[in-house]
Amino acid sequence: VWDGSVTDAENSITELAALAETAGSQVLEGLIQRRGRPDPATYIGRGKVAELGDVVVSTGADTVICDGELSPSQLRNLEQSVNVKVIDRTALILDIFAQHAKSKEGKAQVELAQLEYLLPRLRGWGEALSRQAGGSARVGGAGGGVGLRGPGETKLETDRRRIRTRIARLRREIKGMRTVRQTKRSRRARNAVPAVAIAGYTNAGKSSLLNRLTGAGVLVEDALFATLDPTTRRAHAADGRVYTLSDTVGFVRHLPHQIVEAFRSTLEEVADADLVVHVVDGAHPDPEEQVRAVREVLTEVGADSVPELLVVNKIDAADEETLLRLKRLWPDAVFVSARAARGIEGLRGAIEARLPRPAVELRVTLP
Ligand code: GDP
C-alpha cells in the first residue's frame with residue numbers, strides 16, 4: 001500500500017522480494033495498491049483482497065508478504081480471507097536476522113525482538129476454534145466462546161507468562177553482555193588505537209571493502225543482511241600506525257523498531273569511532289535515498305558528530321552519467337570498486353589522512 005510515487009513503491013517491493021529470497025522464499029507475484037492509508041481491517045482495500053485471493057489460487061502461493069507492518073487484527077482478517085499464511089515486512093526481517101545471527105549477543109537480541117513482536121499477536125486455541133465456527137460460538141460475556149474460553153485462555157495466559165519471563169531474562173543477559181563490550185571499548189580508548197567503522201546500506205559492499213582493505217576473508221553474499229554481527233580487523237597504515245576497521249550491521253528501509261532497538265548497542269559503537277566510512281552502492285537506482293536513510297539512523301544513535309568519509313562503491317557497474325552526477329553531488333567522496341579492486345589504494349590513503357594524529361610525547365632529560 002503506497003501513497004507516494006510509483007517508482008518508490010516499485011523499489012520498496014523489489015527490496016521486499018530480495019528480502020524474501022534471502023529468507024529462502026520463491027517470489028511469484030507482486031501487487032501494489034495506491035491509497036492514502038491502509039484499510040484498518042484488512043490493510044489493502046476490499047477489492048484488492050479479492051484480487052489477492054485470486055492470485056493466491058492461480059499461482060499456488062502458500063504465503064502472502066505485506067510490505068508494511070500489519071496490526072494483529074489486520075493479519076488475522078487477511079489470513080481468513082486468502083486462506084494462506086500472511087506475514088509482514090517486520091516478521092520477514094526478524095526471520096532473516098534470526099537465520100544470520102552468529103554471536104551470542106546477536107542471537108539473544110534477535111530472540112528478544114521476535115518475542116516482543118510475537119507477544120501481542122499470540123492467539124489461544126479457544127479463539128482459533130471460535131473463529132473456525134464462523135463466530136457463532138461467540139456467545140456471552142467479553143467475546144469469548146462459552147465453554148471454549150476456559151482452557152484456551154489458560155493456555156494463552158501460560159504462554160504469555162512464559163514469554164514475559166523469557167523476555168525479562170534476555171534483557172538481563174543482554175545488559176550483561178553490553179557491559180563486557182563497553183569494557184573492551186574503554187580498553188581500546190586507553191590504548192589509543194584509532195577506530196574506523198564501516199557503515200552503509202545493506203548490500204552496498206561493506207564486507208567486500210573490508211576484505212579488500214585488510215584481506216580479512218569475511219563472508220560476502222549477494223543477499224541482504226549477510227552482515228549482522230560486527231567484524232573488527234586490525235589494519236596498518238603506511239606510516240606504521242595501527243587502527244581497527246569494523247563492519248557494522250546493514251541498514252535497510254523501514255527497519256522494524258524492534259530491530260533498531262535490539263541492534264542499537266551494536267550501532268552505538270559507531271558513535272565511538274574516530275571515522276565513519278559510509279559506503280553507498282553507486283549502481284543502485286537511488287543512492288541518495290540510501291545515504292539519507294543511513295544518515296538518519298547514524299543521527300539516531302548519536303554518531304552524527306563522527307567525521308564521515310563517503311565512499312561510492314560498485315563504479316564498475318554504475319553508468320557514467322550517474323557517476324558524474326554523484327561526483328558533483330558529493331565532491332569529497334571517494335569512488336571505488338571493491339569487486340574490480342579499483343581505487344582501493346586511494347581509499348586507504350583517504351582513511352589514513354583522516355585518522356587522528358597520535359599525541360606526541362615530549363621527554364626532556366635534564367643532566
Ligand atoms: P554488505 O552487505 O554491504 O556487506 O555487502 P557485500 O560486501 O556482502 O556485497 C554485496 C554484493 O555486492 C555482493 O554480491 C558483492 O559481490 C557485490 N559487490 C561488492 N562490491 C562490488 C563492486 O565493487 N562491484 C560490483 N559490481 N559488485 C560488488
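Colleague: In which sense do S7 and S8 pair, and over how many bridges?
Modeller: Keep in mind that this is a predicted model. S7, residues 308-313, pairs with S8 in the parallel sense, and two bridges join them. In that pair, Val-312 stands opposite Phe-335 of S8.

Colleague: What order do the strands of that open sheet take?
Modeller: The order is S4-S5-S3-S6-S7-S8. That makes six strands, and the pairing is mixed.

Colleague: And which ones are the edge strands?
Modeller: S4 and S8. Each of them pairs on one side only.

Colleague: Which helices pack on it?
Modeller: H8, residues 206-214, is one that packs on the sheet. H8 touches S3, S4, S5, S6 and S7, and its direction makes about 160 degrees with that of S5. H12, residues 344-354, lies across S3, S6, S7 and S8. H12 runs at about 170 degrees to S7.

Colleague: Back to S5. How many bridges join S4 to S5?
Modeller: Five, and the two strands run antiparallel. Arg-234 has Thr-244 in S5 as its bridge partner.

Colleague: What sits between S4 and S5 in the hairpin?
Modeller: Five residues. In this hairpin, Gly-240 takes a positive phi near 90 degrees.

Colleague: In which sense do S3 and S5 pair?
Modeller: Parallel, over four bridges. S3 covers residues 195-200 and S5 covers 242-247. Ile-198 stands opposite Asp-247 there.

Colleague: New topic. Which residues touch the most other members in the largest nonpolar core?
Modeller: Val-196, Ala-197, Ile-198, Val-270, Val-276, Val-277 and Val-311. That core has 34 residues. S3, H8, H9, S6, H10, S7, S8 and H12 each supply at least two of its residues.

Colleague: What does Val-276 touch, leaving out residues up to four places away in sequence?
Modeller: Ala-197, Ala-199, Val-270, Leu-298, Ala-303, Val-306 and Glu-308.

Colleague: How many residues are in the second core?
Modeller: 26, and this core is separate. Its members include Leu-52, Ile-93, Leu-94 and Ile-259.

Colleague: Now the whole chain. How many helices and strands are there?
Modeller: Twelve helices and eight strands.

Colleague: And what percentage of the residues is buried?
Modeller: 31% of the 367 residues.

Colleague: Last one. Among contacts between residues at least 6 apart in sequence, what share joins residues at least 24 apart?
Modeller: 63%.

Terms used
Residues numbered from 1 in each chain as written. Predicted model: local features only at pLDDT ≥ 70, side-chain atom pairs only at ≥ 80, totals over all residues. Buried ≥ 20, exposed ≤ 12 C-beta atoms within 10 Å, placed from the backbone. Contact = placed C-beta atoms within 7 Å. Pairing = 2+ DSSP bridges. Axes fitted to C-alpha atoms, helices over the stretch in contact; angles between N-to-C directions. Core = buried A, V, L, I, M, F, W, Y, C linked by C-beta atoms within 7 Å.
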